[in-house]
Amino acid sequence: MKKLFAVATLLLPLALAGCSHPQPAPYYPPPPPPPAAEVAQQGYHDGFEAAQRDISKGAPPDPGRHTHFRNPPVPPPLIADYRHAFRNGYDQVYRHGPTPPPPGY
């Protein structure tokens with residue numbers, strides 16, 4: 001009886017430890033960056049809205065004050081494209097004025 005208890009005592013930790021073989025970790029590559037045209041459209045839209053907010057607040061024109069211009073929400077290779085489009089959208093509003101609200105407002 002003592003031998004059975006001794007063997008069970010020795011084998012119990014091994015049984016509780018489980019399998020010690022390493023399991024492969026899955027690798028998920030990062031998603032591809034959005035196309036440049038999509039980034040430019042987003043930048044233009046963001047710049048357009050930023051300029052409309054500045055006009056409604058009476059703020060002087062300065063796209064550099066906006067967070068999305070300073071820290072674009074795009075991968076590093078597309079930052080220049082985003083900023084260029086942001087500035088174009090921003091300048092469009094200041095050249096031609098803010099767009100009127102849609103009918104019914």
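Arg65, at 32% relative accessibility, counts as partly exposed. The two residues form a salt bridge whose closest N and O atoms are 3.5 Å apart; the pair links distant parts of the chain, with Asp54 in helix α2 (residues 36–57) and Arg65, eleven residues apart from it, in the loop between α2 and α3 (67–70). A salt bridge here is a side-chain nitrogen of Lys or Arg within 4 Å of a carboxyl oxygen of Asp or Glu, and the structure holds one.

## Basis of the model

This is a predicted model, in which local features need pLDDT of at least 70 and side-chain atom pairs count only at pLDDT 80 or more, while totals for chains, interfaces and linings use all residues. Residues are numbered from 1 along each chain as its sequence is written, and side-chain values use heavy atoms, with hydrogens and water left out.

## Overall architecture

The chain has four helices and zero strands, so that its elements run α-α-α-α from the N terminus on; helices (H or I, at least four residues) and strands (E, at least two) are DSSP runs, numbered from the N terminus. Of the 105 residues in the chain, 19% are buried.

Among contacts with a separation of 6 or more, 68% are between residues 24 or more positions apart, contact meaning heavy atoms within 4.5 Å. The chain exposes about 8,300 Å², and carbon and sulfur atoms supply 65% of that area, as computed by the Shrake-Rupley method with a 1.4 Å probe.

## Aromatic cluster

The structure holds five aromatic pairs. Rings of Phe, Tyr and Trp (its six-membered ring) pair if their centres lie within 6.5 Å, and planes under 30 degrees apart count as stacked, over 60 as edge-to-face and the rest as tilted. The pair of Phe86 and Tyr90 is stacked because the ring centres are 6.4 Å apart and the planes lie at 15°. Both residues are buried, and, being four residues apart in helix α4 (residues 79–96), Phe86 and Tyr90 are separated by about one helical turn.

Ring pairs link Phe69, Tyr82, Phe86, Tyr90 and Tyr94 into a cluster. The charged end of Arg83 sits over the ring of Phe69, 5.7 Å from its centre, where the criterion asks for NZ of Lys or CZ of Arg within 6 Å of the ring centre and within 35 degrees of the ring normal.

Note on methods:
Buried means under 20% relative accessible area, exposed over 50%, partly exposed in between (1.4 Å probe, protein chains only).
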